[in-house]
Amino acid sequence: MEAHLKDLFCRFHQHFGTGPGLGPSSGTCLLKINGISPLFVKSLYRALAALYRTDPWKRLRPGHLFGLRVGKDSDWSNKKQTFPCAQFIGGDGGDLGLHLFKSEQDALKVSLPVETKHEPNVEILRVIFEKESLLSTANKRMVASLALEPSGTDRYPIIDVARGTSSGGEIRFRDPTMEELRYLIAFIKAITLVHPLLQPETDNVTKNGRNVNFEPFIETVDVQWPAELATTVDLVAVTISYPPNRTYEEKKLASPIKYIEPPKEEEDFSGSRQCAMCEKPVQWDQSLCCGRCKAIIYCGPICQKNHWREAHKSMCGLYKAMMEREEELAMKIFKFNFVVDNSCQWLESMGLHKKGMWRRLCDCYAHHPFGLLPTKSIGAFELWGGLGDKDYPSDKPLANHIIGNRNPVFLSGWSEYYNIRSLPMSSPVAAILSHPLTVYHILTTLVINSKNRLIKGKEVIVHYLGPAVELDWLQAFDEISHLLNGLGNVQIFMIGPEVPSNLLGPVSGLGSRLRVNLVRGLYQEQYTNLPAPHMVIALNCGFESYGSWSGALGVIKSNNVPVFFTERSEVLCTSAKQVLRTSGLHLTHPVGPNPFRSPLREQMHSTNLPSFSNGFIFGVNT
């Protein structure tokens, strides 16, 4: 009788447990893992909450298997990928979650249409989103003590590793290792970005209309390790493929001596450049690049040798590392040419030249002071340069966001934003929206205090230093009001010498949850006339002109409020860190790629280093 009851009890748990067909997690809890830190647990729960908001289960079923590759095989203890195959479960019913497998073969062995089958010696790294009321005591205590971010309104992810015994009759559970959790968080961050890009195959819907096959797909994205995990590198390249065996076509390597490989269409560096040594103009097809780093441009071998002796030798290794991240930083999710050699030509190719807010991106209107572009009409259609009404964000609340959810929208990157706003990836609006969405990202993701104030319906005051092109894009900042989703308020004071005297004061025509005030002058002179800020922001800050920053940095140091900066390239960030140290300030938020950087890669005169408006983000006093 005892054996019979034990078998009946096991079957009951297998049927009604947390994961489809696999039963409960047998008391696993992340805080039991050796070497784990509370900060990493928080980062993991934030990443999973961001994935949950993108609702992958709306389209994905267990039959949709993904291949994944995180970094290099040598990065992992067994010199191979830990769990290189993944699926989402629960889209057809049952608890929502995802499974990671050791191989595609393991996934095929255990995956049935509506449940997961028991198979001997098959390990599955599971994430199941459980209601808070169903959590174990240990997990409830962990959620409460660490104030972990929920997924949705009342669910929290439970993570374990399930393994069928050799007899196949039982399932045993264990806590994942730290290495397995590192692999998991990299996958979570990457799949959050790329799954909205899957395109359904035409004429390929199953009879019940619920399962859809997708076009073959492969995408590599750069993922930033949480600060508590980062060692010598902050980023890791994660490749997601559908189906799992999808691969890139092999690429030929460039010459190690001279950068003579014909550039790919989206990476055309043609046109006039400038020698880094003598500053002489030189055509691209007549120039030389450093054979090691491929970053620095010269007019000939004499200048190359002289520059090596005088300056480049000590920097070449650093530039080489920056160039190796070129592929990771390129935002290939967008379906338009994103390398800008000549801004006027690029705008002309997009049908946007001399139109609306786009005029500030080219030199044709450089003679007009910032904020004073001639304006005939202020309608959204004209502001966005005549783009189709589905190619720019509508001036309306987020009608398609979670019904009844009055919290601000939390975003992980452009893919999620374009998905929420129902924008096609062929729309170039990210080039302008990079400024307001970087501000919103800082408000809701990087500064916990401001995020909490917004959730509680309070106001956050921002001091925004050194506005320039933004002064002609103020209507685009209204997107912050929409993303607040009916909760909280933001007041931005834009302070800088470029603010025109006839535009001072409140900006009209913005949403009820956003107020922008324009203030002319230097920050150190105007600070005492302004309400105390909850944070300070400076985009594309330009620390290379240190003289104009010294007074502002003194105010920042004395006030000790969170401050975030962006710069266009990593080499400018390196210079910025030196300037901050000189002022007695040290980074508390390390340099990393900004997920809301402009997708347009800017061509520098004498280097090939990746450069984007708002490309990299870092902070002090955080």
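Start by selecting helix α5, residues 178-194: this helix is mostly covered, with 13 of its 17 residues buried (buried means under 20% relative accessible area, with a 1.4 Å probe and protein chains only). Helices here are DSSP runs of H or I with at least four residues, strands are E runs of at least two, and both are numbered from the N terminus. Before you click on, note that this is a predicted model, where local features need pLDDT of at least 70, side-chain atom pairs count only at pLDDT 80 or more, and totals for chains, interfaces and linings use all residues. Residues are numbered from 1 along each chain as its sequence is written, and side-chain values use heavy atoms, leaving out hydrogens and water.

Stay on α5 and check its span: from first C-alpha to last it reaches 25 Å, close to the 24 Å expected at 1.5 Å a residue (the expected span being 1.5 Å times one less than the number of residues).

Next, select strand β3, residues 97-101. All 5 of the 5 residues are buried, so the strand is largely enclosed by the rest of the structure. In a regular strand the side chains alternate between the two faces of the sheet. Here G97, H99 and F101 lie on one side, L98 and L100 on the other, and both faces are covered.

Now bring in the neighbours (strands pair if DSSP finds at least two bridges between them). Strand β2, residues 85-89, runs antiparallel to β3 and is joined to it by 5 bridges. Strand β4, residues 123-131, is also antiparallel to β3, again with 5 bridges. Click L98: its bridge partners are F88 and, in β4, V127.

Move on to an open sheet of 8 strands with mixed pairing, in the order β18-β19-β17-β16-β20-β21-β24-β22. β18 (505-506) and β22 (587-593) stand at the edges with a single partner strand each, so one side of each has no neighbour in the sheet. β22 is antiparallel to β24, with 4 bridges between them, and H589 stands opposite G619 in β24. Helix α12, residues 448-455, packs on this sheet, touching β16, β17 (489-496) and β20 (535-538); contact means heavy atoms within 4.5 Å.

Last stop: helix α15, residues 550-559. Which residues of α15 are buried? They are A552, L553, V555 and I556. These cover an arc of only 155° around the axis, which puts them on the same side of α15 (the arc is that of the directions from the helix axis to the C-beta atoms). Their cover includes β16 (459-465), α14 (523-526), β21 (563-567), α16 (570-582) and β24 (616-620).

Notes:
Buried means under 20% relative accessible area, exposed over 50%, partly exposed in between (1.4 Å probe, protein chains only). Axes are lines fitted to C-alpha atoms, for helices over the stretch in contact, and angles run from 0 to 180 degrees between N-to-C directions.
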